[in-house]
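Subject: Structure for your review

Dear colleague,

Please find below the structure for your review. My notes on what was found in it follow.

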Amino acid sequence: MASSATAQKSYEPNYFYAFGDMPYDEASIPRYNRLVKDINETDPDFTIHVGDTKSGSTLCSNEFYQKTLNHFNGFNNPLIYTPGDNEWTDCDREACGEYDPIERLDILRRTMFKNPSKSFGKHSIDLISQSTLSPYEKYVENVMWKHKDLLISTVHICGSSNNYQEEGDNTEFIERESAAIDWIKRIFQKATENNSKGIVIAFHANMFSSQNDPGYTKILAELKPLIRDFKKPVLGIYGDSHRFLISQPLYLDGKLLTNFTALMVFGSADVNYVKISMDMNRNNIFDIEPVYID
């Protein structure tokens, strides 16, 4: 059991968990199963999986998507998932089955997001999906929900340059990039309307290590002034690079965006997760703690 696990609690939970980029291989399954067991026993408000439910060298089959869906619904409390690149953009690799990535994305959406207004988990929560808005009906994976005085959200921004192609057809990338920017703007608008004390945005890609990557430049350019003008705490949760890291990586006009914190979760060989506690009475709402599986 993890070091911070508590089997019984007499108070209302006020924390959630985040993890991603796992499980990658059969050898990690026993440890991953312990992670799931621990999450179920410690009763968080909800859990976020930031994508890459498989490695980039395993089969992207219909059966795998269904297996992942069934697994997610084995979590006791709500689980919310945003896709990574290994589930679709990399599926044209020989080891993955040489699928058409766009076709795999369609199957992923139809399998994993049949009901985009509900989270995964035995005890689900209601979500607001971008798919209810025209012309974004196919973006079932982009969701938001109110939790206490916070607005929590996911945006489909994945690794492998967000499916940007140096040479080739970028239709999918351009359309999803536009949808992501629209959704990010709506997240901040909704948080402002709700007088939310903070925002959480979960996505897969490590946009911060290479901020000149054309897969992310436009999204970051739109995001930065929204963070600045919001003024309250914004927590970005992501994976992709497989190591636990807390940073403040964003600058605008040469000034550090001090109200933005980026949290990279564990991944791949490091089968651990992160606990994010929330205290609405503090200026710095979020307290971040790594949880290690024994």
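Which residues touch the most other members of the largest nonpolar core? They are Phe19, Leu35, Ile237 and Ile276, in a core of 56 residues. Strand S1 gives the most to this core, with five residues. A nonpolar core is here a set of buried Ala, Val, Leu, Ile, Met, Phe, Trp, Tyr and Cys residues joined through side-chain atoms within 4.5 Å. Buried means under 20% relative accessible area, exposed over 50%, and partly exposed in between, with a 1.4 Å probe and protein chains only.

The model is predicted, so local features need pLDDT of at least 70 and side-chain atom pairs count only at pLDDT 80 or more, while totals for chains, interfaces and linings use all residues. Residues are numbered from 1 along each chain as its sequence is written, and side-chain values use heavy atoms, with hydrogens and water left out.

Ile276 is in contact (heavy atoms within 4.5 Å) with Tyr15, Phe16, Tyr17, Ala18, Leu235, Ile237, Leu263, Phe286, Asp287 and Ile288, leaving aside its neighbours within four places in sequence. As general background, nonpolar side chains in soluble globular proteins tend to be buried together.

The cysteines

The structure holds one disulfide, the term being used for a pair of cysteine sulfur atoms within 2.5 Å. Cys60 and Cys91 form this link, with an S to S distance of 2.1 Å. The pair joins distant parts of the chain, 31 residues apart: Cys60 is in the loop between strand S2 (47-49) and helix H2 (62-72), and Cys91 in the loop between strand S3 (79-81) and helix H3 (101-112). Helices (H or I, at least four residues) and strands (E, at least two) are DSSP runs, numbered from the N terminus. The link of Cys60 and Cys91 is left-handed, with -85° about the S-S bond. Cys60 is buried at 0% relative accessibility, and Cys91 is likewise buried, with a relative accessible area of 0%.

Cys96 counts as buried, at 0% relative accessibility. Cys158 is in no disulfide, and the nearest cysteine sulfur, that of Cys91, is 11 Å away. Cys158 is also buried, at 0% relative accessibility.

Backbone features

Most residues other than glycine have a negative phi, and most peptide bonds are trans.

- The peptide bond from Met22 to Pro23 is cis, with omega near -5°; Pro23 lies in the loop between strand S1 (15-19) and helix H1 (29-42).
- Ser134 and Pro135 are joined by a cis peptide bond, with omega about 5°; Pro135 is in the loop between strand S4 (128-129) and strand S5 (143-147).
- Asp43, in the loop between H1 and S2, has a positive phi, near 60°, and is partly exposed at a relative accessible area of 33%.
- Asp52, in the loop between S2 and H2, has a positive phi, near 65°, but counts as buried at 2% relative accessibility.

Yours sincerely
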